[in-house]
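Student: I have a chain open here and want to go through it with you. Can we take it piece by piece?

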Amino acid sequence: MLTWLILPIAVLNIISGEVQSYWEQPFAQPYFDNSTKREITATVGQSALLHCRVRNLGDRAVSWIRKRDLHILTVGILTYTNDQRFQSLHTEGSDEWTLRITSPQPRDSGTYECQVSMEPKISQAFRLNVVVSKAKILGNSELFIKSGSDINLTCVALQSPAPPSFIYWYKGGRVVNYSQRGGISVLTERQTKTSKLVIARAMPSDSGNYTCSPSSSDSASVVVHVINGEQPAAMQHGNSSANSILINNRSFSRRGRHLHRPGVLDLVGWLDHVGAS
């Protein structure tokens, strides 16, 4: 008489001599590996990747659906949309099916579903947020520096989900040239997404438009005027004042207040006066 032993937890494979887990059998149902990130933030122009991991897929297909209009984007590794920015990435033998969106735009923000073709269907939702990362140079957009003082500019990459690969500084349309003169230094801290440009002992020739350009953010600019001991042509004349000055038809005050009729004052003397206050 033959005795059949039923092993509910493991099945003995007579041919290969291997013991397989019950859940690894072909009749086991697919399920999602929940270890993948479900909330993704991407910046405009930088590829967005949504990683979906399915166990026990078998011969079933994985599709990516855009939730807002139920549009099928991909099935397997095939793209089912005219928008070729969407692509399914999959390595043979792996459990991961990745939706890549090349050059995402804010309009691409929303919910995307990774769906397995079975009855009933199972799906996992992913939330994508596409932001516009912008650089910001701290302080005013126009700076007046006394000749011989230091130019100190700090740039921050705002709303950047990851540290920028680099942050370049430009004067005009050219990268700041460290070899052109001494006293120029740049300190970039990737983790805090900041970069500091210091130009020691500024000269009038250092005047110009300075631009901070992170790798994955819109750039920001500031105009720097380095004033020497001579009275600049842009300076207006009027009654004497110890606290204000008008440059290029703009009024400047030690307390930042706008005066309708600012007085005449030697610019360097005014800067000395403010610095000593």
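Student: How many helices and strands does the chain have?

Tutor: There is one helix, and there are 23 strands. Keep in mind that this is a predicted model.

Student: What share of the residues counts as buried?

Tutor: Of the 277 residues in the chain, 36% are buried. The accessible surface is about 16,800 Å², and carbon and sulfur atoms account for 52% of that surface.

Student: And the contacts, how much of them comes from residues 24 or more positions apart?

Tutor: Among contacts with a separation of 6 or more, such residues make up 57%.

Student: Switching to cysteines. How many disulfides are there?

Tutor: Two disulfides are counted. With the bonded cysteines numbered in sequence order, the pairing reads 1-2, 3-4.

Student: Which cysteine is joined to Cys-52?

Tutor: Cys-114 is, with an S to S distance of 2.0 Å. The pair connects distant parts of the chain, since Cys-52 lies in strand E5 (residues 48-55) and Cys-114 in strand E11 (residues 110-116), 62 residues apart. The torsion about the S-S bond is -80°, a left-handed link.

Student: Is Cys-52 buried or exposed?

Tutor: Cys-52 is buried, because its relative accessible area is 0%, under the 20% limit. Cys-114 is also at 0% and therefore counts as buried.

Student: Which cysteine does Cys-155 bond to?

Tutor: Cys-155 is joined to Cys-212, at 1.8 Å from S to S. This pair links distant parts of the chain too: Cys-155 is in strand E15 (residues 151-158) and Cys-212 is in strand E20 (residues 208-214), 57 residues apart.

Student: Why is the disulfide of Cys-155 and Cys-212 called left-handed?

Tutor: Because the torsion about its S-S bond is about -70°. Both Cys-155 and Cys-212 are buried.

Student: Now the sheets. What is the strand order in the open sheet of six strands?

Tutor: The order is E4-E12-E11-E6-E7-E8, and the pairing is mixed. At the edges are strand E4 (39-43) and strand E8 (78-79), each of which pairs on one side only.

Student: How many bridges hold E7 and E8 together?

Tutor: Two bridges, with strand E7 (residues 71-75) and E8 running antiparallel. Thr-74 sits opposite Thr-79 of E8.

Student: What about the core? Which residues have the most contacts inside the largest one?

Tutor: The largest nonpolar core has 22 residues, and the ones with the most contacts inside it are Leu-50, Val-54, Trp-64, Leu-99, Tyr-112, Cys-114 and Leu-128. Two or more residues each come from E4, E5, strand E6 (62-66), strand E10 (96-101), E11 and strand E12 (122-131). E5 contributes the most, four residues.

Student: What does Leu-128 touch?

Tutor: Leaving aside residues up to four places away in sequence, Leu-128 touches Ile-40, Ala-42, Ala-48, Leu-50, Ile-101, Asp-108, Ser-109, Gly-110 and Tyr-112. A separate core has 20 residues, including Ile-137, Ile-151, Leu-153 and Ile-199.

Student: How many bridges join E15 to E19?

Tutor: Six bridges, to strand E19 (residues 194-199), and the two strands are antiparallel. Ile-151 has Ile-199 of E19 as its bridge partner, and Ile-151 and Ile-199 are among the residues of the 20-residue core.

Student: Last one. How many residues of E15 are buried?

Tutor: Six of the eight, so to describe E15 plainly, the strand is mostly covered.

Notes
Residues are numbered from 1 along each chain as its sequence is written. This is a predicted model: local features need pLDDT of at least 70, side-chain atom pairs count only at pLDDT 80 or more; totals for chains, interfaces and linings use all residues. Side-chain values use heavy atoms; hydrogens and water are left out. A disulfide is a pair of cysteine sulfur atoms within 2.5 Å. Buried means under 20% relative accessible area, exposed over 50%, partly exposed in between (1.4 Å probe, protein chains only). Two strands pair if DSSP finds at least two bridges between them. A nonpolar core is a set of buried Ala, Val, Leu, Ile, Met, Phe, Trp, Tyr and Cys residues joined through side-chain atoms within 4.5 Å. Contact means heavy atoms within 4.5 Å. Accessible areas come from the Shrake-Rupley method with a 1.4 Å probe; for residues, only the protein chains shown count as cover.
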